[in-house]
Amino acid sequence: MPYLLRRLGFFLLTLWAALTLNFFIPRFMPGSPLQALRDRTHNKLSPAALEQMLTSYGFKPNENVLVQYVDYLKNMVTGQWGISIGATLGEPVTRIVRQALPWTLGLVGVTTVLAFLLGSLIGTVAGWRRGGRLDSLLPPAFVVTSALPYFWVGLLLILVFSVWTGGALPSDFNYDSGMQPAFTPAFVFSVASHALLPAATILITSIGGWILTMRNNMITTLAEDYVRMGRAKGLSDRRIMTAYAARNAMLPNLAGFAMSLGFVIAGAILVEYVFNYPGLGYLLYNAVQNTDYPLMQALFMLFTVAVLVAVLVCDIAIAILDPRSRERDRSGR
Amino acid sequence: MKPRRIMIAAVGLSVSLLAAACSGSTTSTSTSADNGSGTNAREGSSTDKASHKQGGSLTIANTQGQTWTCQFNPFNPAVNPVSLGFVYEPLVYVNLLQDQKETPMLASSYQWSADKTSIVFTMRQNVKWNDGQPFTADDVAYTFDTMKRVPATDLYSLWTGAGLRSVTAAGDKVTMTFDQAAGPYFFNFANQVGIVPKHIFSTGPAAAHPDTWDDRAPVGTGPYKVDPCSANNIQYVANPNYWQPGKPYLAKIQYPAYLDNGPANLDLGSGKAQWGSQFIPNIKALYLNKSKDNHTWSPPVTNVAIVPNLDPSHAATSKLPVRQAISLALDRQKIALIGEGGQQPVANQTGIVVPTFQKYYDQAAVAAAGYDKPNPDKAKSLMAGLGYTEANPLKLSIITITGYTDWDASLAVVKQQLKPIGIDLTVSDLAQQTFDDRLYNGNFDLAYYGQAGGPTPYYELRQMLYSKNSAPIGKPASFNYERYLNKDVDALFDKYPTADDAGQVDIIKQVGAAMMRDVPVIPTTESVNWFQYNTADIGGWPTESDPYAQPAAFNVPDVEQVLLHVYSKSAQN
């Protein structure tokens, strides 16, 4: 258990460091919340009124920085993330985040899992039949696509499937704005069709990495003695491929997968931006554009926490899956 | 822009004599009061006298860049464009495009005191809030008192800047008193402030925090109600008990959230959305040619200008000949054509936006001063007099805002035009916040910027040129970023509120003359109210010949006037 305790301690330390940076960095940026509000009110408010507005929105510019810092830490932990001062002036940050989060989880989360599963499957088969038709076709092709920038693939898909087809597939937004959110077939269809192109973009650009690592791991694993022994025992090819080779080859990839799950919440900013998909990534872009400090802070905090939690979960998973990590611990190294 | 524009006589006798250039479809009854003291606004409506059947719907395409928050608090400047005019109403509507023509809304009439330091509004009878409660003078007094109690809701600085001293209600009358003559602030307090219901805003969180309260189910007197609002779309349905019987004509208004101009422009081109309010590049191919029912008319309202730093610490730009040379060297037609795709008209050195404010514009004076056409030769000799030539140029930098691509294009043209007269211009694109910071604090040689305006040129010019709007370098100025300090011009602005109509026109002409004499700001193009409209099913739009309101959907409270005029053609059968 000391291993886990140490990981936990490390987690808390990084979290604190990240939160602290998150507090100070916006304060070193050009501009200030006061100026953001000045922009929002079209510069028509008197200075006194602006000051009052600032306090209304939860800022205490004249307070000691240390007090502000302690307040900030408290608020971050208790979920009191303040009120937006960006273009969504007056909207509680928690509400904004809650509105955008499902869209990002749905789009980026599902595609990340899908990319991992599909990529691992293709990689397994390709590695199993090394030099076969599949192996000489798919991995090289996807290595090329994974080197393409997100936004470029997105624009290309929009051109081909939306512009050239006269709008057969929608190229922006999360669902047809004429609809009310409800669990009706029409609404579900609208959501799915709007998600298709951005999902395809993420899939095309991220699947190559999984294929390549999985294929290479497979090839290394296939040379292991236990695989040879499986063959000697006369096990079926399928069983050797899945239960002996793929299962072991996947271990290193799992860590990477856990990490990438942590990054899901940050959204694929560029994809969401290109497709005007109102998820967290788009939100972050807007928050930075409009110098919406409370929203920016809450988003950065969420992103860091998500990655840190993912890493922690990954550590725990490795401790469970790989006895060696625990062994090392016991020997005191 | 067409070279000629029709204006409508809409004001009292003295004014319509001055606006003799007016012609065309002036079927409107002359309704509003002239600006002399002690007159009442009378009942009236604009040209659209015909009544229409109710029904049909309309979709607005106006890019927000974000989804809707579904807040409708009229004291929140970020959301009041979707609540003022739709749900909340002002006392009197003042039309900037028709020489301040007034349409009485919640106030049926008003009376200024002789010195214009107090005004008495008479409230309209039989108006109900959309929850059934009667509208009273108390609501009006409460609205203004809230703005005093919570300064952040005083979005036009009425209690601090305009000198508002008290607002009292008695019977159906509301009396407002001011520390000084408050004529120019009528536009703000009567036209821009939406009246809120006391019975809602005096209880619970609305009373405690009227500035940040969300107001998700707005109760107003206006023509529409919100039903329902989601992040992606606001649907407005007609208020069946609206005080103007038979109005509004359209049963539903859809206001989808557009995150980007691209899709909004596509929907406008295809006719899926009928009311557009943003820039469409290459508008002929992308919009006008797509349907014979697609039209555009974008009237100019303010200036986009090169703002030179006049503070002596900026040696080059504080020299008059340099500023004169820049203004003379500019071929504004080219800037408008290349930078703005020909969709913004050219500005002039007086800073008076024409044709919107034609009656304040003195063409003869502009010609006499030599600012009626570009004169690069004179500019060259002015610069040569300071020792600068094309081979030995004066190096200047101009700051602008990143992402304003039309401004970048305009500045590229400016740079080209200044080169032969001996000015080497560097354009530096800054993030909005950095730009603001440097503009406000006077940390620039030249800046590219546009001010907000008002119903006469006085508003924009006063913001730009009044010395009280300035500040020393290093301190934020409120509007006078170039730091123009001129006692004579200040005196002109001080005289304006108490002057009569002809006097006000004369004062603005004198300020225009000062603009040409001192060149404190160098206007290039005129900012317009972007407006595209589809006439396949919807009629009653504001047009160049009947500009009964500023046409863009983001204009509050003008949007209400448009909503009260538009009707569905298919619903008429």
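Student: Which residue just after α2(A) takes a positive phi?

Tutor: A:His42 does, with a phi of about 55°. Keep in mind that this is a predicted model.

Student: And which residues of α2(A) are buried?

Tutor: Helix α2 of chain A covers residues 33-40, and its buried residues are A:Pro33, A:Ala36, A:Leu37, A:Arg38 and A:Arg40.

Student: What covers the buried residues there?

Tutor: The cover for the buried residues of α2(A) includes α3 (47-56) and α13 of chain A.

Student: Back up a bit. How many helices and strands are in chain A?

Tutor: Chain A has 14 helices and zero strands.

Student: What box do its C-alpha atoms fill?

Tutor: Along the principal axes, the C-alpha atoms of chain A fill roughly 85 × 65 × 35 Å. Of the 333 residues in chain A, 37% are buried.

Student: What share of the contacts in chain A joins residues at least 24 apart?

Tutor: Counting contacts between residues at least 6 apart in sequence, 72% in chain A join residues at least 24 apart.

Student: Now helix packing. At what angle do α1(A) and α13(A) cross?

Tutor: Helix α1 (residues 2-28) and helix α13 (residues 293-321) of chain A cross at roughly 165°, and their axes come within 10 Å. That angle makes α1(A) roughly antiparallel to α13(A). The crossing of α1(A) and α13(A) is right-handed.

Student: Which residues of the two meet?

Tutor: From α1(A), the residues in the contact include A:Tyr3, A:Leu4, A:Phe11 and A:Leu15. From α13(A), they include A:Phe300, A:Met301, A:Leu308 and A:Ile316. By class, the contact of α1(A) with α13(A) has 16 nonpolar, four polar and two charged residues.

Student: What about α5(A) and α6(A), at what angle do they cross?

Tutor: Helix α5 (residues 93-128) and helix α6 (residues 133-146) of chain A cross at roughly 140°, with axes that come within 8 Å. At that angle α5(A) is oblique to α6(A). The crossing of α5(A) and α6(A) is left-handed.

Student: Which residues make that contact?

Tutor: A:Ile122, A:Val125 and A:Ala126 of α5(A) meet A:Leu134, A:Asp135, A:Leu138 and A:Pro139 of α6(A). Six residues of this contact between α5(A) and α6(A) are nonpolar, none is polar and one is charged.

Student: And at what angle does α5(A) pack with α12(A)?

Tutor: The angle between α5(A) and helix α12 (residues 280-289) of chain A is about 135°, with the axes 8 Å apart. α5(A) and α12(A) are therefore oblique to each other. In the contact, A:Ile96, A:Ala100, A:Leu101 and A:Thr104 of α5(A) meet A:Leu280, A:Gly281 and A:Leu283 of α12(A). The contact of α5(A) with α12(A) divides into five nonpolar, two polar and no charged residues.

Student: One more residue in chain A. Why does A:Ala195 count as buried?

Tutor: A:Ala195 has 20 C-beta neighbours inside 10 Å, so A:Ala195 counts as buried; the cut-off is 20 or more. A:Ala195 sits in helix α8 (residues 185-222) of chain A. A:Asp172 is 23 residues from A:Ala195 in sequence and 8.8 Å from A:Ala195 in space, C-alpha to C-alpha.

Student: On to the other chain. What does the secondary structure of chain B come to?

Tutor: Chain B has 17 helices and 20 strands. The C-alpha trace of chain B spans about 75 × 55 × 50 Å along its principal axes. Of its 573 residues, 55% count as buried.

Student: Last topic. How many residues of chain B are in contact with chain A?

Tutor: 39 residues of chain B are in contact with 35 residues of chain A. β8 (224-230), β10 (252-256) and α13 (432-441) of chain B each supply at least two residues of the side that touches chain A. The largest share, four residues, comes from α13(B). By class, that side of chain B has 14 nonpolar, 19 polar and six charged residues.

Methods. Residues numbered from 1 in each chain as written. Chains lettered and ligands numbered in written order. Predicted model: local features only at pLDDT ≥ 70, side-chain atom pairs only at ≥ 80, totals over all residues. Axes fitted to C-alpha atoms, helices over the stretch in contact; angles between N-to-C directions. Parallel < 35°, antiparallel > 145°, perpendicular 65-115°, else oblique. Left-handed = near helix turned anticlockwise from the far one by under 90°. Contact = placed C-beta atoms within 7 Å. Nonpolar A, V, L, I, M, F, W, Y, C, P; charged D, E, K, R; others polar. Buried ≥ 20, exposed ≤ 12 C-beta atoms within 10 Å, placed from the backbone.
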